[in-house]
Amino acid sequence: MDPLLSPYELEFFAEDEIVKIVPNFSLPTFSHSAIKCIGGVFGPFKPNIPVEVPIWLAVALQKRNNCRILQPEWLNTEALQDALDQEKNTAAVFQRLPFHYLEISKILFVHAKEAFGTDLLKVKELVGDICKVRLSKVNAGLQVLQGPMTVKLNNLSAAECNVIRPFFQGALDRFHLLASMETTTYPGNDDFENEDLNAQPQRHMLATA
Amino acid sequence: MDDPLISQLLSPAEHVYGESDLVLMKKAYINEKAAPELLEYQSDLLARLQDQVHNQEDTVANTDSSDAEGSLVRAIWRLELARAKHLLRAYLRTRLHKLERHVTAVLDDPGMQAHLSPLELQYAKDYFIKTGLHLKDAVTAHLPEEFNSLVRQSNVSEGHDMLSAPDLDAHVFVRVLEDRGAINLDPEGDDVVELNKDDLYVIRYQPIRELLKDKWVELV
Amino acid sequence: MAAGAGPGSRKGGDYYSLDAVLAEETLIPCIFKVGSRGVGRALDPSSGSEDVKPRAAAELPLWMLQPLTSREMLSVKVPRWYGEKMRRKIQAGAGVENLRLRCPYFYNVALALHSIDGAPSVADLVISTFRSRYKEILTKAHANESAKEMVRIEALLSIEEAALFNAGRASVDALNRWRFGGRAVPTRPSAKRRLDGGSVNGTR
């Protein structure tokens, strides 16, 4: 079993995020025209009245032609262009985007193409560009690591955390392990006193917000 | 039964959804996946969620699906049930995987044993006995007596030095859930880090171990 | 069995780590402080004598050192891959050294030596080596380098470095596979796979 989360698992998690849909049905025999699920009560579903539901439900309804998924506000060309510009202009900070922005946009690009109309390609391109800029910032940040550190990564998204996780954790683990030689001599049988003393601590702000 | 329903409908969907046991289960799974050690078994949460799954399965079975409305709602319930079960399985499987990896260290430590469910503890013991018998057969039975222990390298070892213990110095990604202020990263207090709500850190597991337990932080 | 010389043993560790076991097989130059009878050929099959004389030089596996040094039978020398020559090379450019050839477990052997009483510590050397190589070559795991460059880098890496480097590559590949679908970007890209591998960027 993989000790790490896969991008597909992150996509599964992202399906709990909320989107707006316009249903074309109602549920007259169900209380409040709503569906009582384990995770909450979803609805009320009334024709042409927008309602917020988790993405998994939106996609399921959409597949049955029971609803239209609406384009999220943060996922239109203007908002994304703004985010991209900001992202480029601030080297030390990550813009605040939905934690699952990559997963949500990937799902919607497949299952809610119509929501984007003629902007679909442009929106896709902008999301790709934002991701690229952010990942190159992450990589620039990785470059300056020099030893054991605690690193602040505010506003980094789920997929971005996940992609740097193995390398970043591995490198920090290794820096920490090696630094443990620097200031301690081996304590023989007394392992318990050997905790933590070691590294010269440094704080590294990859990005602060 | 309608009153809580109405109040739930009046609050934003995110809020309704954010409090559900399913979301708690998801967080428990992510914490479990990311933590180097086996965390405390979430017995109450598991019991509640398993109950809800059973009840929902009954509801599905008892709902008429001959009309379009019933069949739509049943399909949605089924879909959510599949998601809930997937999550439960992923959580339990992740724990078994970690348990197998660290079985000797877990069984060696009563504190760690207390993190297991009764079924997991039984599983750990069975697993240790089965793998132990195999190792004895294949290896240690052929070694001199002073080297044939499964937990001590030799009879001059001062403690159990053949354990496979989790590395608590491993780094993890954490998100801060509540303002916590400064915490010490080492016993001397030479290295201090400020934990404010929504901060995201890559940090050694050991200093945030208790904070994770007390829900000041979650793993990402 | 190894007497706790494994790199992880410091913390109770992972007894069954295969890498720890393999690292402990590394041969380390030593000088016998006292003579030993009857073990000459066991330690060195090419030895002309069954006995080991005082001040005799030998190369012994890492796992053997702790019990012998603790009995004052042995002094441990600095292995050549941590020597002065290496120090100068690292200063001149750590990123071009082939650690895999010098010592596949370059870092774990140093950690283990550090934990042996009386053995020379090479902490500062391996720490500065890792710091330099991290910046110069390891971070390229996440960079857009050519397949050829990746193969070139990987051949230079110690086993510890390669594990880190490949883990970094694998997560980037996993993200790309998920985002763009289709043919996976191979973990170890080869020119041949690239040619018949189709588009790696095509969206579905």
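Two residues are in contact if their C-beta atoms, placed from the backbone, lie within 7 Å. By this criterion, seven residues of domain 1 of chain B are in contact with nine residues of domain 3 of chain B. The domain 1 side of this boundary holds four nonpolar, one polar and two charged residues. The model examined here is predicted.

Chain B is divided into three parts: domain 1 spans 1-95, domain 2 spans 102-166 and domain 3 spans 168-220. Chain C is assigned domain 1 (9-136) and domain 2 (138-196). Across the boundary in chain C, 13 residues of domain 1 are in contact with nine residues of domain 2. Three helices of chain C each give two or more residues to the domain 1 side: α5 (99-102), α6 (106-114) and α7 (123-136). That side is made up of six nonpolar, two polar and five charged residues.

Chains A and B also meet. Here, 43 residues of chain A are in contact with 47 residues of chain B. The strands giving two or more residues are β2 (35-37), β3 (40-42), β4 (51-54) and β6 (149-153) of chain A. The helices that do so are α2 (55-63) and α7 of chain A. Helix α7(A) supplies the largest share, seven residues. By class, the chain A side has 25 nonpolar, eleven polar and seven charged residues.

β6(A) is joined by two bridges to strand β4 (residues 200-204) of chain B. The two strands run antiparallel. Within β4(B), Tyr201(B) is the bridge partner of Lys152(A).

Chain C touches chain A as well. In this case, 30 residues of chain C are in contact with 27 residues of chain A. On the chain C side, α6, α7 and α9 (159-180) of chain C each give two or more residues. The largest share, eleven residues, comes from α9(C). The chain C side divides into 16 nonpolar, seven polar and seven charged residues.

The largest nonpolar core has 132 residues. Ala58(A), Val174(B), Val109(C) and Ala110(C) have the most contacts inside this core. Helix α7 (residues 158-183) of chain A gives the most to the core, with 13 residues. Val109(C) touches Ala23(C), Thr26(C), Leu62(C) and Cys103(C), when residues up to four places away in sequence are not counted. Another core lies apart from the largest one. This separate core has eleven residues, including Val103(B), Leu107(B), Met162(B) and Leu163(B).

Leu120(A) is found in helix α6 (residues 120-143) of chain A. Leu120(A) has 16 other C-beta atoms within 10 Å. A buried residue needs 20 or more such atoms, and an exposed one has 12 or fewer. Leu120(A) is therefore partly exposed. Leu120(A) and Asn76(A) are 44 residues apart in sequence. In space, their C-alpha atoms are 9.2 Å apart.

Key:
Residues are numbered from 1 along each chain as its sequence is written. Chains are lettered from A and ligands numbered from 1 in the order in which they are written. This is a predicted model: local features need pLDDT of at least 70, side-chain atom pairs count only at pLDDT 80 or more; totals for chains, interfaces and linings use all residues. Domain bounds come from an automatic or database domain assignment. Helices (H or I, at least four residues) and strands (E, at least two) are DSSP runs, numbered from the N terminus. Ala, Val, Leu, Ile, Met, Phe, Trp, Tyr, Cys and Pro count as nonpolar, Asp, Glu, Lys and Arg as charged, and the others, Gly among them, as polar. A nonpolar core is a set of buried Ala, Val, Leu, Ile, Met, Phe, Trp, Tyr and Cys residues joined through C-beta atoms within 7 Å. Two strands pair if DSSP finds at least two bridges between them.
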